[in-house]
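Dear colleague,

I am handing over the structure below, followed by some notes on what was found in it. Please read the notes with the structure open.

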Amino acid sequence: MKRLKINVDRPKIKTEDIVSKQDFGKVLNGYNKMKTPIFKKPWFYGVIGVATVAVLLTVNSKTTEENDTKITSTEIIQLPEDTKCIHAPVANLDVDFTTISIDPSKDQTIKLPSGTTILVPEGSLMTESNTEVKLKIREFESKSTSFIAGIPMDYKNDAFESAGMIEVRGFEKEKEITISKTKPVQVKMVLTKNPENFLFWKLNEETKEWGSYPSNFNTSPLTNSPSKDLKSVKNKLVAEINKNEVTLSVIDQKSKNNTEPDRIQHNLPIKGSQRFDLEFDTKEFPELSKFKGMEFEVASKTEYDKSFTKKVWSSIDLEKETANYYAIFSSKKEKFKIEVRPVLSGSKKETAEIEFQKLVNDFHSKKNQLNEEAKIAQSKKTALQSDYNQFLKEIAKNRSITTTNNQESKNVSIANFVISEFGVYNCDKPINYPAPFKEEVHFSFSKNNPTDIVSVFIFDELKDARFTFGINSNHNISQLGVNEKSENTLLAVDRNGKLGYVRHFNSSKIRNSEIVLAYLDKKDENLSFIQKLINENTIEN
Amino acid sequence: MSINPLYHKSTNRLEEELEWISRAKKDPSHFGPVYKEYHEQIFRYIYQRLGDEETAFDITSQVFMKALNSLHKYEYKGVPFSSWLYRIAKSEVYQAFRDKKAERTVNLETIHLFDIAEEIEEDSNEKNKAAILKCLNSLKEGDVELIEMRFFEKRSYKEMGEILDIKENNAKVKTFRALDKLKQVFANKQDRV
């Protein structure tokens with residue numbers, strides 16, 4: 001079968017001809033159209049909402065439990081930047097940092113929603129002004145969050161099964177700071193698993209390798225019960241929802257007020273209407289003096305005999321009844337009366353047309369702007385509603401924790417370690433990569449239509465690990481393999497960042513060396529959907 | 001075999017290029033020098049794989065728009081920026097094939113057929129040249145691309161590796177394998193005759 005068209009000795013295009021077609025302006029325009037403003041991205045509101053809950057939980061639990069320390073302020077930052085070592089694999093999707101402003105001249109204890117505590121001793125942070133420092137913190141409690149954040153999870157030829165991971169960064173006026181070697185920061189990280197057989201590691205971001213790191217494990221009662229302060233969070237969310245509703249109704253009202261300019265109101269002729277000259281006495285109709293010498297247009301709202309313009313009339317008179325004008329055509333045989341209105345013509349019309357066109361353009365641009373604002377507010381409404389629902393679930397969860405605490409303290413495993421460098425710390429167990437498939441496989445989004453995949457991730461439920469192949473991994477895609485006995489989900493990213501997946505993945509899904517991917521819709525590129533895909537489903541718990 | 005020197009850059013040029021990119025990351029209008037520098041290379045790469053000139057120009061523009069859009073993700077890995085552009089171009093070209101906006105075309109010169117005939121140790125007579133063209137059609141796309149890059153575009157293995165995101169040695173091995181396959185198909189066709 002002929003697949004290729006082959007041209008031999010096709011005439012070459014000269015460099016000058018190619019250069020003459022260069023049009024950087026077109027590229028810039030195309031780029032500007034392609035670029036989605038941050039505020040229009042659906043993740044924006046979702047992340048803001050979720051992060052708001054997280055931060056408020058932090059502050060509230062802090063103020064109630066740690067009276068001797070004070071967190072000066074908190075803020076949410078935008079998507080974290082990729083670093084040399086940490087690359088978020090899905091465009092526009094990342095795990096946000098919670099940013100906490102602290103006073104480095106005092107001992108500070110930060111308590112995170114997970115129960116993890118960070119003690120920053122006075123003088124521990126090497127600052128210039130010693131006034132305000134921002135700590136940016138994020139915890140990765142699941143395969144999905146470490147995946148989304150792009151944390152490398154390979155150790156030599158193995159993958160990591162994680163029992164808890166935290167990333168801590170420190171900044172003073174946007175400049176990265178360091179920690180004193182003699183006064184390190186102390187971390188008590190709540191683990192998600194029993195750490196037996198697990199080790200502790202720090203990510204070397206220069207070599208992109210994990211190195212063993214000293215720590216000790218113990219168990220401790222979970223004291224984090226922030227339910228008392230959830231009320232204020234709820235109030236804030238409700239206030240946000242209400243505020244957005246007001247925004248929506250204002251936009252709606254503005255849309256109603258933004259009416260399309262009417263040619264009739266601007267004394268401009270309507271296309272296709274019959275017009276004729278009509279002499280009249282300005283003394284009788286002084287209000288029409290500005291139309292003197294101008295035209296009249298038929299304004300009848302009902303059907304009429306259009307042939308009147310072809311007939312011969314002995315006189316044409318203008319009459320006014322209430323606010324309407326009528327032209328009365330008379331001849332010996334008949335009389336014809338029709339409603340008319342004066343319209344501008346000549347240079348007056350030209351000037352009025354320009355002004356009118358400007359009004360029409362203003363109307364359309366305002367209409368488009370209001371539509372955009374409405375879209376944003378609608379998407380914010382959906383996101384806020386979803387955050388609110390999630391929040392209600394959190395409350396339910398926290399209530400159950402509180403109840404349990406009242407009866408019996410819940411013990412959790414803790415990793416205790418000190419840090420004199422900011423970075424990523426992880427409680428992990430190395431797991432062998434599965435043996436590669438015997439045949440090299442290729443990927444497609446539809447059968448027999450190969451696509452260029454750059455990264456493949458296998459989420460192994462049994463091993464609770466993510467195996468990475470391709471970019472930022474020690475394993476090539478040609479080394480792809482799977483634990484046949486486990487429940488696996490395969491996620492793949494192509495050169496354009498397009499995501500595909502295969503659920504319940506094992507070798508039976510390979511047909512003729514091909515793995516056919518289901519396309520992950522853009523709207524599903526979010527933490528919640530990825531959690532569902534890999535059976536974490538924490539939100540539904 | 002002579003190799004196209006366009007791709008290789010001195011350290012100074014690479015540094016200058018990095019400066020351009022760093023500026024463009026802050027302000028996309030500074031992407032102009034990069035566009036000027038690579039427009040022709042990328043166009044030729046695309047046009048090599050397509051039959052239609054206008055479509056090739058359109059896809060070239062699309063490549064630069066996408067590059068600008070993803071520039072914040074670009075990270076210098078010691079190779080010219082063009083290798084990143086080539087990867088985007090490759091992806092855009094295949095997307096055009098999938099969307100049926102363009103037809104996969106291989107453009108070559110008669111002289112290239114001599115090179116290939118030589119590589120597969122066959123006489124470069126008219127009959128064999130015609131047979132090679134038919135054999136190319138029997139190869140998988142990946143193999144055609146390797147032969148195309150090496151023999152029709154005269155790219156070095158280093159450059160091929162960087163464009164295909166594989167090691168230089170791997171590019172070499174894969175190209176030899178592709179040639180082997182071509183040789184095999186050629187032999188089978190001769191047997192049948």
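In which hand, left or right, does α2(B) pass α3(B)? The crossing is right-handed. Please keep in mind throughout that this is a predicted model.

Helices within chain B

Helix α2 of chain B covers residues 32–48, and its packing angle with α3(B) is about 135°. The axes of the two helices lie 9 Å apart. An angle counts as roughly antiparallel only when it is over 145 degrees, and α2(B) and α3(B) are therefore oblique to each other. On the α2(B) side, the residues that meet α3(B) are B:Tyr35, B:His39, B:Ile42, B:Phe43, B:Ile46 and B:Tyr47. Their counterparts in α3(B) include B:Glu53, B:Phe57, B:Val63 and B:Phe64. Sorted by class, this contact has 10 nonpolar, 2 polar and 1 charged residues.

The crossing of α2(A) and α3(B) is right-handed. From chain A, the residues taking part are A:Lys26, A:Val27, A:Gly30, A:Tyr31 and A:Met34. They meet B:Ser61, B:Phe64, B:Met65, B:Leu68 and B:Asn69 of α3(B). By class, 6 residues of this contact are nonpolar, 3 are polar and 1 is charged.

A sheet in chain A

Chain A has an open sheet of 5 strands, in the order β16-β17-β20-β19-β18, with antiparallel pairing. At the edges are β16 (275–277) and β18 (315–321), each of which pairs on one side only. Neighbouring strands of the sheet are turned against each other by 40° on average, direction ignored. Within the sheet, β19 (residues 324–330) and β20 (residues 335–343) pair over 6 bridges. One bridge joins A:Ser330 to A:Lys335 in β20(A).

A loop residue in chain A

A:Thr192 sits in the loop between β12 (185–190) and β13 (199–204) of chain A. Leaving aside residues up to four places away in sequence, A:Thr192 touches A:Glu141, A:Ala163 and A:Gly164. The C-alpha atoms of A:Thr192 and A:Val412 are separated by 8.1 Å, although the two residues are 220 apart along the chain.

Regards

Key: Residues numbered from 1 in each chain as written. Chains lettered and ligands numbered in written order. Predicted model: local features only at pLDDT ≥ 70, side-chain atom pairs only at ≥ 80, totals over all residues. Pairing = 2+ DSSP bridges. Helix = DSSP H or I, 4+ residues; strand = E, 2+ residues; numbered from the N terminus. Axes fitted to C-alpha atoms, helices over the stretch in contact; angles between N-to-C directions. Contact = placed C-beta atoms within 7 Å. Left-handed = near helix turned anticlockwise from the far one by under 90°. Nonpolar A, V, L, I, M, F, W, Y, C, P; charged D, E, K, R; others polar. Parallel < 35°, antiparallel > 145°, perpendicular 65-115°, else oblique.
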